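Walk through this model one contact type at a time. Keep the viewer open and follow the residue numbers.

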Amino acid sequence: MVEKELQPFAESIQELVSTDQPVLSMAAKHFFEKRHGKRFRPTIVQLMAKTVAACTPEAKQSKEWEWSGASDIDIKGGKVTSQNHQGSEVWRKQAQLGQIVEMIHVASLIHDDVLDEADTRRGGEAVHKLYSNKVAVLAGDYLLARASVLLARLENTAVVQIMATALESLVAGEIMQLKASPEELLQMESYLKKSYYKTASLICYACRSTALLGGHAYGSTVATACEEFGFHMGLAFQIQDDILDFTAAADILGKPALADMSLGLSTAPILYAAQEFPHLRPLVKRRFKEKGDKQTALEALYKSKTAMDKAKKLAEFHAQRAVDALLRLPQSEARDALVRLTYVVITRKK
């Protein structure tokens, strides 16, 4: 449905991250080559843009709504519809938001790989392996700087604030991952909070921002439903990712299998296994640092009759909540495509 909009994505985004410094330019562009990435986040933004175009903005109720966060709509008739959306200035800004979101996401991947000392990403070499840690850090910083400039060009201060909060959340998630106490490593609540910060926050804030750019107020039913969808979609995506860490081979995943355990992190499948097998808890608390810890945890996970099923049910729960949020919006082709995408997220094998 949004294939045509996404076709020039790689070329235009490579243009946006060009710089006079050849090494920095090559490092920043590395992930935007056609063979890399699923374009998952820009796809969500494009489909959400079409979905909110089919929604009628709510009428202003009081003076409180005078500064509502909604962009001024310079379109004949004063509001966006499914008929006038394509090719409009609103559509262009929403497409640019998709590029901004992908740039922020890629910058976070580059920085994460340096911190985690990862060798591969998206089926290719990590940026810091191709160049150096210093170049990788600078490339990530540069992408964030370019994203900030493009964000300002959207000329919506509410969207700037929302997306700045998403950036803050990404950093908070990384700090949480590094500094979690032994007790927190065992808590499902901490795992979900970290998953929200590191994955879901960017998606849910991008979805709300898409609604604001489409002329919907911050506190409107439409903008709230969009954010709720992004929140639950992001969590379902991350939980499924964590399940695949144990069930998919590295060549399918595009990154090393069991990567989280190698970093001393416990995700939903292991946390559920630890509830069933108490001998796993000390291993989780010490981040699998002793010899044989990872093997013991894996054996327990594969022996468990419930751990993987519970993790799958958790992903399904959040996917269903994402769909419930979507169903509060008017029916359209784009909304139905987002429903199907939610199903794809929890049934994917890579």
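Tyr 196, Tyr 197 and Phe 231 form one aromatic cluster. Rings of Phe, Tyr and Trp (its six-membered ring) pair if their centres lie within 6.5 Å; planes under 30 degrees apart are stacked, over 60 edge-to-face, and the rest tilted. This is a predicted model, in which local features need pLDDT of at least 70 and side-chain atom pairs count only at pLDDT 80 or more, while totals for chains, interfaces and linings use all residues. Residues are numbered from 1 along each chain as its sequence is written, and side-chain values use heavy atoms, with hydrogens and water left out.

How many aromatic pairs does a search of the whole structure find? The search finds 3. One of them joins Phe 40 and Phe 237, which are stacked, at 4.5 Å centre to centre and 15 degrees between the planes. This pair links distant parts of the chain. Phe 40 sits in helix α4 (residues 40-53) and Phe 237 in helix α10, 197 residues apart. Helices here are DSSP runs (H or I, at least four residues), numbered from the N terminus. Phe 40 is buried, with a relative accessible area of 8%. Phe 237 is buried too, at 6%. Buried means under 20% relative accessible area, exposed over 50%, and partly exposed in between (1.4 Å probe, protein chains only).

Now return to the cluster. The rings of Tyr 196 and Phe 231 have centres 5.5 Å apart and planes at 45 degrees, so this pair is tilted. The pair also links distant parts of the chain, with Tyr 196 in helix α9 and Phe 231 in helix α10, 35 residues apart. Tyr 196 counts as buried, at 16% relative accessibility. Phe 231 counts as partly exposed, at 29%.

Next comes the loop between α9 (188-213) and α10 (221-247), where His 216 lies. Is His 216 buried or exposed? At 1% relative accessibility, His 216 counts as buried. A polar atom of its side chain lies 3.2 Å from the backbone oxygen of Val 52. Contact means heavy atoms within 4.5 Å. Not counting residues up to four places away in sequence, His 216 touches Val 52, Cys 55, Thr 56, Pro 57, Ala 70, Ala 211 and Val 222.

Cys 55 leads on to the cysteines. A disulfide is a covalent bond between the sulfur atoms of two cysteines. The rule applied here asks for a pair of cysteine sulfur atoms within 2.5 Å. By this rule the count comes to 0 disulfides. Cys 55 is buried at 3% relative accessibility, and Cys 226 is buried at 0%.

Charged pairs come next. The structure holds 11 salt bridges. A salt bridge is a side-chain nitrogen of Lys or Arg within 4 Å of a carboxyl oxygen of Asp or Glu. Lys 93 forms one with Glu 155, the closest N and O atoms being 3.6 Å apart. Lys 93 lies in helix α5 (residues 89-116) and Glu 155 in the loop between α7 (133-152) and α8 (157-179), so the pair ties together parts that are 62 residues apart in sequence. Lys 93 counts as buried at 14% relative accessibility, whereas Glu 155 is exposed at 68%.

Glu 183 forms a salt bridge with Lys 285, with the closest N and O atoms 2.8 Å apart. Glu 183 is in the loop between α8 and α9 and Lys 285 is in helix α14 (residues 281-285), so this pair ties together parts that are 102 residues apart in sequence. Glu 183 counts as partly exposed at 45%, and Lys 285 is partly exposed at 32%.

Arg 328 forms a salt bridge with Glu 228, at 3.1 Å between the closest N and O atoms. Arg 328 lies in the loop between α16 (307-326) and α17 (333-347), and Glu 228 in helix α10, 100 residues apart. Finally, Arg 286, Glu 290 and Asp 293 are linked in a network of salt bridges.

Notes: Helices (H or I, at least four residues) and strands (E, at least two) are DSSP runs, numbered from the N terminus. A polar contact is a pair of N or O atoms within 3.5 Å; within protein, one must be able to donate a hydrogen and the other to accept it, and residues adjacent in sequence count only if both atoms are side-chain atoms.
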